[in-house]
Amino acid sequence: MPRYELSVILKAMRRPETAAVLRRTVETLFERGAVVRGLENLGERRLPYNISKHNCLHTHGGYFSVDFHASPKILSGLLDHLERDIDVLRPTVLKKDVEVSEAQCCGLQNEKAKSNVTSR
Amino acid sequence: MFALSFSRLLLQAFPKQPVTPRATAQCIRSLKTSQQDPLEKDDMPIKMENPYKQPPKTCILCNITVDFKNVQLLSQFISPHTGRVYGRHTTGLCGRKQKEVSKAIKKARSMGFMSVTLKNPQFMKDPDICGIKHFE
């Protein structure tokens with residue numbers, strides 16, 4: 001199963017309420033047959049821009065990231081569900097790519113040589 | 001010196017005579033080398049890697065993973081006045097990393113991690129990678 005990352009911004013709430021929202025979200029994932037790998041808290045910060053969602057303007061939010069494995073079919077349903085959740089400001093699901101080998105990194109010299117050749 | 005030139009003259013005068021090595025300063029050296037061959041081979045330059053070889057040129061972000069969550073790193077490549085992403089000629093990154101950075105910045109902006117029109121004031125004091133002089 002491909003590996004996904006759900007990075008979600010929650011409304012700035014107190015701890016028990018945030019915990020309840022996260023619990024809800026993870027339970028939704030389980031219901032749809034996803035295997036949750038881990039949950040990370042990226043901190044509560046001031047949003048880079050005001051987000052108006054569910055008839056309310058928000059300036060602060062809690063950032064969380066959920067790592068999970070799932071079938072691609074559930075993603076649209078999952079995003080739809082999260083959009084309807086009042087406490088979730090911005091849900092985004094990304095595919096986690098396999099890391100590119102670093103051995104090929106930085107052919108600065110090769111690039112310059114190539115550009116010189118093409119310019120001639 | 002005169003003896004050497006004289007011996008050369010003799011050789012030129014009588015070319016058909018068998019040239020026997022004479023015990024002159026020049027000849028003594030040739031005599032020695034003919035007996036001990038390995039000496040000549042030791043005189044040859046030793047094959048080794050270039051000792052003055054410089055390390056391969058890399059860009060700043062070589063071997064550093066670029067992530068959309070790492071807003072501080074990404075903010076170093078945007079203008080503090082307008083929040084626009086700097087071009088390759090400004091950042092000095094290699095093609096691959098420049099693409100990664102610009103993709104990550106756009107991702108971060110749409111996901112609500114990074115601002116579009118400005119640079120986070122917390123990151124204003126970060127070291128200047130791009131080397132641009134801003135009016136103060």
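**An aromatic cluster and the strands of chain A**

In this predicted model, A:I9 stands opposite A:Y63, a residue of strand β3 of chain A. The two residues belong to a pair of neighbouring strands: β1 (residues 3–11) and β3 (residues 57–69) of chain A run antiparallel and are joined by nine bridges.

Strand β2 (residues 35–52) of chain A runs antiparallel to β3(A), with 12 bridges joining the two. Here A:E44 is found opposite A:G62 of β3(A). Together β2(A) and β3(A) make a hairpin, with four residues between the strands. One residue in the turn, A:H54, has a positive phi of about 55°.

A:Y63 is a handy place from which to turn to the aromatic rings. A:R45 lies over the face of the A:Y63 ring, 4.4 Å from the ring centre. A:Y63 also forms one aromatic cluster with B:F68 and B:F113.

Over all chains, a search of the whole structure finds three aromatic pairs. One of them is the edge-to-face pair of B:F68 and B:F113, with 5.5 Å from centre to centre and 80° between the planes. This pair links distant parts of chain B, as its members are 45 residues apart. B:F68 sits in the loop between α3 (38–42) and α4 (71–75) of chain B, while B:F113 belongs to the segment after α6 (95–111) of that chain. Both B:F68 and B:F113 are buried.

Note on methods:
Residues are numbered from 1 along each chain as its sequence is written. Chains are lettered from A and ligands numbered from 1 in the order in which they are written. This is a predicted model: local features need pLDDT of at least 70, side-chain atom pairs count only at pLDDT 80 or more; totals for chains, interfaces and linings use all residues. Side-chain values use heavy atoms; hydrogens and water are left out. Rings of Phe, Tyr and Trp (its six-membered ring) pair if their centres lie within 6.5 Å; planes under 30 degrees apart count as stacked, over 60 as edge-to-face and the rest as tilted. Buried means under 20% relative accessible area, exposed over 50%, partly exposed in between (1.4 Å probe, protein chains only). A charge sits over a ring if NZ of Lys or CZ of Arg is within 6 Å of the ring centre and within 35 degrees of the ring normal. Two strands pair if DSSP finds at least two bridges between them.
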